[in-house]
Amino acid sequence: MGIVNALRCRECKQEYEPTLKYICDECLGPLDVTYDYGSIKVSRDTFANREKSYWRYFELLPIAEKANIVSLEAGFTPLHRADRLADALGLRAGNLYLKNDSVNPTFSFKDRPAGVAVSKAREMGLKAVGCASTGNLASATAAHAAKADLPCYIFAPKDIEYAKIAQALAYGAEFIAVDGTYDDANRIAAQISDAKPIGIVNVNLRPYYVEGSKTLAYEVVEQLNWKVPDHLIVPVASGAMLNAICRGLEELYELNLVDGIDNVKVTAAQAKGCSPIVEAFKGNRDEIVPVEYPNTIAKSLAIGDPGDGIYALRRLRQFNGYAEDPDDDEIRDAILLLARYEGIFTEPAGGVAVASLKRLVEDGRIDKDEHVVCYITGNGLKSIDAIEGLLRKPRIVKPNYMDVVEMISIAGT
Ligand SMILES: *Cc1c(COP(=O)(O)O)cnc(C)c1O
Ligand SMILES: [Zn+2]
């Protein structure tokens, strides 16, 4: 299993025992898990016959005992070759792939970080877990907590999609709906984690939590037969997932599983109504200016003060990427484009990624020879309100064959 060496400060490199600690005492920087890479013996063949979940990469996940894994079999989601969407956008057939994480057990990529964090909570013997959430982390944490038989406390803004609230409640979580923004909910969750013996997956368990999302890089590369794509389009809220994907690429290289990662570009996608990282990138600034009141249909990306914002920004520069922030109309159009050309129904976060890809192609920022992977991170059934206005109403008919048959005209016949 993954043997954690230490927690290391991302800024000053100070090391700590791997406990429930997440901020450096010296400089207040975030802490990351480190492994002894020399002792990790893996090759491409190691993974060939393993289980089809993200736990196939257990050597690179921070859980020491297999018995502590809390698994809903998330991950190893489909990587679709998206020729019809490629054609619609003006890309060449065979050059566009979609990583469809909307089909995870709780219908978003959050099953990856939440599953790792809840497993770590079990390994540490914690008696309760929780999270601060923009919506999807709530159900991912609640479902894994149910499987682990741990009580779960959710802190989320009260105005997120009801489907996401209902889902978390169904798994048995205590849902604390905060009359404020995500940043307000996150602050309260952090205060609770200081006061009570609880593992808040994206606060005091954050060093372990973020490790789960590295598997989004491993899987894409393995599914492409260990070829590194040229360009990744990643929807961004706190920046944790984008940073983890980049870390995952670096590990693949450190472990000799790929030949090089110098040519891969990583691009961030945020919604216009809450795009502090994109603004900083386009303005060529090193600081993130928080958005006080996010306003977008992409509620799962509505974090005004992103915890890993400056690190995501550094990653965009390190990996020669770009940043885009489509508006709500572009996001809605992109949701329907994806649904109608590829048969994948995503929530607004996935629409943000596809709309950003569309902009990049239109602006000539994607070369026709590039192999692009776009991350589709959440499921459309969680946010049907976002597109309802664009859909035709179903036709209501009397149960009468003669009336109905006149409505059906099939092209080409
Ligand atoms: C949380 C979330 C993201 C962004 O994740 P961060 O790690 O906070 O940047 C993207 N897509 C969906 C569907 C999400 O729920
Ligand atoms: Zn430090």
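H2 passes H3 in a right-handed crossing, right-handed meaning that the near helix is turned clockwise from the far one by less than a right angle, and left-handed that it is turned anticlockwise. The axes of the pair come within 9 Å and cross at roughly 40 degrees. Axes here are lines fitted to C-alpha atoms, for helices over the stretch in contact, with angles running from 0 to 180 degrees between N-to-C directions. The labels follow DSSP runs numbered from the N terminus, with helices (H or I) of at least four residues and strands (E) of at least two. On the H2 side, the contact (heavy atoms within 4.5 Å) is made by Asp111, Ala114, Gly115, Val118 and Arg122, and on the H3 side by Leu137, Ala140, Thr141, His144, Ala145, Lys147 and Ala148. Sorted by class, these are six nonpolar, three polar and three charged residues. For that tally, Ala, Val, Leu, Ile, Met, Phe, Trp, Tyr, Cys and Pro count as nonpolar, Asp, Glu, Lys and Arg as charged, and the others, Gly among them, as polar.

All of this comes from a predicted model, in which local features need pLDDT of at least 70 and side-chain atom pairs count only at pLDDT 80 or more, while totals for chains, interfaces and linings use all residues. Residues are numbered from 1 along each chain as its sequence is written, chains are lettered from A and ligands numbered from 1 in the order in which they are written, and side-chain values use heavy atoms, leaving out hydrogens and water.

The axes of H3 (residues 136-148) and H4 (residues 162-170) come within 8 Å and cross at roughly 10 degrees. That makes H3 roughly parallel to H4, on a scale where angles under 35 degrees count as roughly parallel, over 145 as roughly antiparallel, 65 to 115 as roughly perpendicular and the rest as oblique. Here the crossing is left-handed. Asn136, Ala138, Ser139 and Ala142 of H3 meet Lys164, Gln167 and Ala168 of H4, which comes to three nonpolar, three polar and one charged residues.

H11 brings Glu330, Ile331, Ala334, Ile335, Leu337 and Leu338 to the contact, and H12 brings Pro348, Gly351, Val352, Val354, Ala355 and Arg359. By class, that contact holds nine nonpolar, one polar and two charged residues.

Lys110 sits in the loop between strand E5 (96-100) and helix H2 (111-123). An unreviewed UniProt entry places the feature "modified residue: N6-(pyridoxal phosphate)lysine" at Lys110; UniProt positions are given in the numbering used here, feature names are shortened, and annotations may be inferred rather than shown by experiment. With a relative accessible area of 13%, Lys110 is buried (buried is under 20%, exposed over 50% and partly exposed in between, using a 1.4 Å probe and protein chains only). Neighbours within four places in sequence aside, Lys110 is in contact with Asn136, Leu137, Ala140 and Tyr209.

The unreviewed entry in UniProt also places "domain: Tryptophan synthase beta chain-like PALP" at residues 71-378. Over that stretch the chain is 43% helix and 14% strand, and the end C-alpha atoms are 19 Å apart.

Another buried residue, Phe47, has 1% relative accessibility and lies in the loop between strand E3 (31-35) and strand E4 (79-81). Leaving out neighbours within four places in sequence, Phe47 is in contact with Val42, Arg56, Tyr57, Glu59, Glu222, Trp226 and Leu257. Phe47 and Asn256 are 209 residues apart in sequence but 14 Å apart in space, C-alpha to C-alpha.

Some loop residues are exposed instead. Leu28, in the loop between strand E2 (15-16) and E3, is exposed at 68% relative accessible area and has a positive phi of about 65 degrees, although it is not a glycine. Glu292 and His371 are 79 residues apart in sequence and 37 Å apart in space, C-alpha to C-alpha.
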